[in-house]
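Morning, everyone. One model today, and a few minutes on its side chains. Here it is.

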Amino acid sequence: MRRNETDFATPATSKAAGHLGGLVRQARLARSWTQQGLAERARISLATLKRMEGGAVEVSLGGWLAVFESLGLLPLFSALRDPASAALLDKTRAKRARQGQRDNLDF
């Protein structure tokens, strides 16, 4: 039996999927493309694209990326940054560097 992903999605996840679906629809309409045309460009089924535009959380990440690439919006993802993770990594790297520096213990 297949797991229903919508049963496990948090409200924040559902809201984000709805927002992304709206962006896909808006970008598609701005280009005067049909749903079928975008689905063909992204190499996904029409049903999958319709679920995406409806904000479905069960669509694979690969499907989302293919659609954003077809719309020319994929480079926007490379601009995503997480300052908190970067700070934690910097802190971890600093600790590791200090641990490696030991006095020369020549016996």
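Leu 65 sits in helix α4; helices here are DSSP runs of H or I, at least four residues, numbered from the N terminus. This is a predicted model, so local features need pLDDT of at least 70, side-chain atom pairs count only at pLDDT 80 or more, and totals for chains, interfaces and linings use all residues. Residues are numbered from 1 along each chain as its sequence is written, and side-chain values use heavy atoms, with hydrogens and water left out.

Buried is under 20% relative accessible area, exposed over 50%, partly exposed in between, with a 1.4 Å probe and protein chains only.

Now the aromatics. The whole structure holds 2 aromatic pairs. Trp 64 and Phe 68 are stacked, because their ring centres are 6.4 Å apart and their planes at 25°. The rule: Phe, Tyr and Trp rings (six-membered ring for Trp) pair with centres within 6.5 Å; planes under 30 degrees apart are stacked, over 60 edge-to-face, the rest tilted. Both residues lie in helix α4, 4 residues apart, about one turn. Phe 68 also pairs edge-to-face with Phe 77, at 5.1 Å between centres and 75° between planes. Together, Trp 64, Phe 68 and Phe 77 make one aromatic cluster.

How covered are they? Trp 64 is buried at 9%. Phe 68 is buried at 4%. Phe 77 is partly exposed, at 32%.

Last, Ser 70, also in helix α4, which spans residues 61–70. Beyond neighbours within four places in sequence, Ser 70 contacts Trp 33, Leu 38, Arg 41 and Ala 42 (heavy atoms within 4.5 Å).

How values were computed
Helix = DSSP H or I, 4+ residues; strand = E, 2+ residues; numbered from the N terminus.
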